[in-house]
Amino acid sequence: MAEVTITCELQLQQIRVKDPDFEYRTLAHLPVAHIAGMQGYFVNPVYMGGTTYWMPKFEFPKFLEHSRRRRITTFFSVPPIYLLIAKSPAVTDQFDTLRIAFTGAAPMKKSLQDEAARKLGKGKVFIAQTWGLSETTGSVTLLNFQEKDDSGSVSRIAMV
């Protein structure tokens, strides 16, 4: 409970003020055996009152199709998938509905952060980096909703 409260409550309050029509929809494409999948697909969406759409396995063309069809608004992924998004000519408007994007599991270079972000939410979504482990029960660092940190950092310690 402490982990989800620390990482979600402040963002939920900020979303209600800044984007009251926001609907939380995410696409499960990472393994749930890791805390990123567990927190990102089971815990946070429930707390945020959202929906998780499940992929049986990650296949990039289907991932793009599901993202467009399900109108995904919230996204947690890892740097290699953001690299696919940034470099693939197949990525056009599949992520136009995206409003929130996070990355974790490994640090992401600022150059990739910027390049991938140009294809998210019509170029208006910043990819916030987070850091945490299964041993820390999830994210330890996090940015506020719609906050931008151009330094390439993994964010600051999450606190309420």
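Biologist: Let's start with helix α3: which parts of the chain cover its buried residues?

Modeller: This is a predicted model, so keep that in mind as we go. In α3, which runs over residues 60–69, the buried residues are Phe 60, Phe 63, Leu 64, His 66 and Ser 67. They span an arc of only 165° around the axis, so they sit on the same side of the helix. What covers them includes β1 (25–28), β3 (74–77) and α4.

Biologist: Okay, Phe 63 is on that list. Which residues does Phe 63 touch, leaving out those up to four places away in sequence?

Modeller: Phe 63 is one of the residues with the most contacts inside the largest nonpolar core. Leaving out those sequence neighbours, Phe 63 touches Leu 27, His 29, Met 55, Phe 58, Phe 75, Ile 81, Ile 85 and Phe 95.

Biologist: And that core, which helix gives the most to it?

Modeller: In general, nonpolar side chains in soluble globular proteins tend to be buried together. Here the largest nonpolar core has 38 residues, and those with the most contacts inside it include Tyr 82 and Ile 85. The helix that gives the most, with 4 residues, is α4 (residues 79–87).

Biologist: Now the rings. How are the planes of Phe 75 and Phe 95 arranged?

Modeller: A search of the whole structure turns up 10 aromatic pairs. One of them joins Phe 42 and Trp 54, with centres 5.3 Å apart and planes at 45°, so that pair is tilted. Phe 42 is in helix α2 and Trp 54 in strand β2, so the pair ties together parts 12 residues apart in sequence. For Phe 75 and Phe 95, the centres are 5.8 Å apart and the planes lie at 50°, so this pair is also described as tilted.

Biologist: Where do Phe 75 and Phe 95 lie, and how many residues apart are they?

Modeller: Phe 75 counts as buried, because its relative accessibility is 1%. Phe 95 counts as buried at 1% as well. Phe 75 is in strand β3 and Phe 95 in the loop between α4 and β4, which puts them 20 residues apart.

Biologist: What separates Arg 69 and Glu 65 along helix α3?

Modeller: Arg 69 forms a salt bridge with Glu 65, the closest N and O atoms being 3.2 Å apart. Arg 69 is partly exposed at 44%, and Glu 65 is partly exposed at 42%. The two are 4 residues apart in α3, so what separates them is about one helical turn.

Biologist: Over how many bridges do β1 and β2 pair?

Modeller: Both faces of β1 are covered, with Arg 25 and Leu 27 buried on one side and Thr 26 and Ala 28 buried on the other. Leu 27 stands opposite Tyr 53 in β2. β1 and β2 (residues 51–54) pair in the parallel sense, and the count of bridges is 4.

Biologist: Last one: what is the phi of Lys 122?

Modeller: Most residues other than glycine have a negative phi. Arg 71, in the loop between α3 and β3, has a positive phi of about 50° although it is not a glycine. Lys 122 is in the loop between α5 (110–117) and β5 (127–129), and its phi is also positive, near 60°.

Note on methods: Residues numbered from 1 in each chain as written. Predicted model: local features only at pLDDT ≥ 70, side-chain atom pairs only at ≥ 80, totals over all residues. Heavy atoms only, no water. Core = buried A, V, L, I, M, F, W, Y, C linked by side-chain atoms within 4.5 Å. Buried < 20%, exposed > 50% of the residue type's maximum accessible area, 1.4 Å probe, protein only. Contact = heavy atoms within 4.5 Å. Arc of directions from axis to C-beta. Salt bridge = Lys/Arg side-chain N within 4 Å of Asp/Glu carboxyl O. Pairing = 2+ DSSP bridges. Phe/Tyr/Trp six-rings, centres within 6.5 Å; stacked < 30°, edge-to-face > 60°.
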